[in-house]
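Please look through this model with me. The report below takes it region by region, in short sections.

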Amino acid sequence: MKKNYIIFATIILLSLNSCIKETIPSQYVLDSQIKASESALSGMVNSIYTTMAGYSNDDGGIEEVSFASMHAMLEHGTTQLVCSGTNGYNTMGAYCYGAISATGSNRGLYPSYLYYAYIKNVNDIIGMIDVNDLDDTKKAYLGICYAYRALYYMELVQIMEYKTPTDNRYDYVQPENALTNLGVPIVTEKTTSTEASNNPRATVDEVYDLILSDLKNAETYLADYERTDKTQPNLSVVYGLYARAYTNLASRVKTSVTYKDESTYWKNVGEYAERAITTSECTPLTESEWTDPENGFNNRNSQNSWMLATSISESNTAASSTGSFVFAMIFGTETNFSAYGWRVGRSLDRKWYERLSNNDFRKKSWLAPNFFYESTNQQEGEAYLIEKDGNGNLINNKWVKSGDNSSQTQSDWSDSYSGFGPTKYQYRLNSSASWIRSRINASYGFQSWPWLYVNIKFRPHNGDYKTYEIGGATDFPVMRVEEMYFLKAEAALHTSGVAAADNALEEIVKTRNSTYVCNATNEKDFINEYLFQKGIEFWGEGVNYFDAKRLEVGIHRAYLGTNCERYQHCLDMNGVFVGWTPGWNQAELNANRALYHYNNPYTSPSTYYYYKSNDEFRPYYGCDIEANN
């Protein structure tokens, strides 16, 4: 088979003639090599990858944000991502408790700004290419653009589609008009400015018509294309996007008007997921790759399972440092160049941590309580021993040499600990145990200390936790092959039954825990286990947000013993969580009159807070969960 090649470059033309310049988004992060581009068209294609590394809009109040950080924001609305530290530093806190009214929130407006900026970029390129005058390079450019446009619309419509909340314990604001099956306004390369100013929300069905059409085009144009970088979609990525699309369609047949063939869609999911696995030639991450302190979840080239990625180069200092949404900062338990990560303590929910087997290497992504505290009276194999003095303070903390667990001086802290799990695993750190403990403690706002479960999943680039220009230049997985294995398992449930689904789920989870067995005997139990294992796998990557909203699993962080830092995050809502759906930003409402009376409603989070004060749950940190709930 003939292969066509396009050389990757993280550059885009600045000195274009005026008519082309108007088609290039004006606000995004640029690399220093940009001026070297020799081709306007290739420069614009390369700008797709550059804008995903960082986009801003001063007029709209959009701080520097990347595709990766948008996914991180969304994931803050899931059960399994908990902020255990000082939320005064949490720039994404609104998504933790659903305060994302687009017209009144400085966070809820991000999706509509960001994705339409991406869509404009690919539309401009598609509009510049004459389909009657195509060479191999232009075919590849079209295929890349159609694949990305399908990705953007698929994510945007999932985010913006309004779902009526289902938990009758709470009161919600009703939409001004019926919003059932309404998606997002469709803008393509053919949309005129006049049409855009009166562009109603298309139905979700119509949006998927476009998505499937774009994927068909991408499949055609990328048939003979061999990419040179994982930021470029290829045929395996197109198959992966098909698998995602049909999963979404199969999950919403009750709402859809035109997409009703659920059995066929699930069959398609399994087939396209298998094609994606085969053509990608990717394999699930090994334990060594997963826990690599220098390259773990930051390097598209060393992480063999990654099918598509975004990338920030070391020379792109704006994208690696500007604003408060740089991904390496957000999840930086070890990073020293920003307080937005370690002071917030993005963690795994305690129930999820305790449910995850110690034999599963993914559990090494979160620091266990004994990393921070270990009683001198602890008995091997016995329940975790909690010792407190008369004032309720933890005692026998052997990590603090001086005996004062409020010390903020690293030299007062020991680097020793017994290790995690039955093998006494020593976490692979870039820094040191004492360096982490000297900051992540009660004196810095970690009230649930030592029951924190803060993450070390996402590592700074090259392991550099001190220098933002290097450590902040991280890659991010847009699609991993592991997702295709999970989608195969979900498809098997609906096409072949529970036993087949159990076997399919075991296929991927056994690569993380060789002793794993899925014993689900009915669909409900399987979905519960499926969402748990997939939630662990993709924690922090944004995938879990889309699953939570698609399957309407609610948000459940309110229980005595939680590791939440504040009561506003202790939510308990069944079914549809209102915080999953932002509204449209005010600029869009003003510019598009057809959208104005069809906005997603906003309900004040205070109407569904489970606890009304921190005092209600903080005394129970570390308690036996089953005995106290």
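## Positive phi in two loops

Glu-281 sits in the loop between helix 10 and helix 11 (287–291). The model is a predicted one. Glu-281 is not a glycine, yet its phi is positive, about 60°. With a relative accessible area of 68%, Glu-281 is exposed, because exposed means over 50%.

Phe-297 lies in the loop between helix 11 and strand 6 (306–311). Its phi is also positive, near 55°, in a residue other than glycine. Phe-297 is buried, at 2% relative accessibility.

## Confidence

The mean pLDDT of the chain is 89. Of its residues, 92% reach 70 or more. Residues 1–38 have a pLDDT below 50. Beyond near neighbours in sequence, this stretch still has 94 contacts in the model. Where pLDDT is low, predicted coordinates should not be read in detail.

Helix 22 spans residues 543–551 and is mostly covered. Eight of its nine residues are buried. These are Val-543, Asn-544, Tyr-545, Phe-546, Asp-547, Ala-548, Lys-549 and Arg-550. The cover over them includes helix 3 (67–75), helix 6 (136–160) and helix 9 (235–250). It also includes helix 10 (262–280), helix 19 (481–496) and helix 21 (523–537).

Two charged residues of helix 22 pair up. Asp-547 and Arg-550 form a salt bridge, 2.9 Å from N to O. Both lie in helix 22, three residues apart, about one turn of the helix. Asp-547 is buried, with a relative accessible area of 7%. Arg-550 is buried too, at 9% relative accessibility. Elsewhere, salt bridges that share partners join Asp-360, Arg-362, Lys-457, Arg-480, Glu-482, Arg-512, Glu-537 and Glu-541 into one network.

## Salt bridges across the chain

The count of salt bridges comes to 32. One of them joins Glu-189 and Arg-149, with the closest N and O atoms 2.9 Å apart. This pair links distant parts of the chain, 40 residues apart. Glu-189 is in the loop between helix 6 and helix 7 (193–196), and Arg-149 is in helix 6. Glu-189 is partly exposed, with a relative accessible area of 27%. Arg-149 is buried, with a relative accessible area of 3%.

Lys-163 forms a salt bridge with Glu-552, the closest N and O atoms being 3.3 Å apart. Lys-163 lies in the loop between helix 6 and helix 7, and Glu-552 in the loop between helix 22 and strand 9 (555–556), so the pair ties together parts 389 residues apart in sequence. Lys-163 counts as buried at 17% relative accessibility. Glu-552 counts as partly exposed at 36%. Glu-552 follows helix 22 and has a positive phi, near 55°.

Asp-349 lies in the loop between strand 7 (346–348) and helix 15 (350–355). Which side chain of opposite charge is nearest to Asp-349? That is Arg-557, 6.1 Å away. Asp-349 is buried and has no salt bridge, because a salt bridge needs the nitrogen and oxygen within 4 Å.

The side chain of Asp-349 does have a polar atom 3.0 Å from the backbone nitrogen of Lys-351. Beyond its neighbours within four places in sequence, Asp-349 is in contact with Thr-79, Gln-80, Val-82, Tyr-559 and Asn-563.

## Nonpolar core

The largest nonpolar core has 188 residues. Those touching the most other members are Ile-48, Tyr-148, Tyr-152, Tyr-427, Leu-505 and Phe-526. Helix 6 gives the largest share of this core, 17 residues.

Setting aside residues up to four places away in sequence, the partners that Tyr-427 touches include Tyr-353, Trp-366, Leu-367, Phe-371, Tyr-417, Phe-420 and Ile-456. Lys-364 and Ala-368 are also among them.

Asn-359 is in the loop between helix 15 and helix 16 (369–372). At 45% relative accessibility, Asn-359 is partly exposed. Its C-alpha atom is separated by 7.5 Å from that of Thr-515, 156 residues apart along the chain. Not counting residues up to four places away in sequence, Asn-359 touches Arg-512, Asn-513 and Thr-515.

Trp-449 and Pro-450 are joined by a cis peptide bond, with omega about 5°. Pro-450 is in the loop between helix 17 (433–437) and helix 18 (468–471).

Methods. Residues numbered from 1 in each chain as written. Predicted model: local features only at pLDDT ≥ 70, side-chain atom pairs only at ≥ 80, totals over all residues. Heavy atoms only, no water. Helix = DSSP H or I, 4+ residues; strand = E, 2+ residues; numbered from the N terminus. Buried < 20%, exposed > 50% of the residue type's maximum accessible area, 1.4 Å probe, protein only. Lys, Arg positive; Asp, Glu negative; His and termini not counted. Polar contact = N/O pair within 3.5 Å; in protein donor to acceptor, adjacent residues only side chain to side chain. Contact = heavy atoms within 4.5 Å. Core = buried A, V, L, I, M, F, W, Y, C linked by side-chain atoms within 4.5 Å. pLDDT = per-residue confidence, 0-100.
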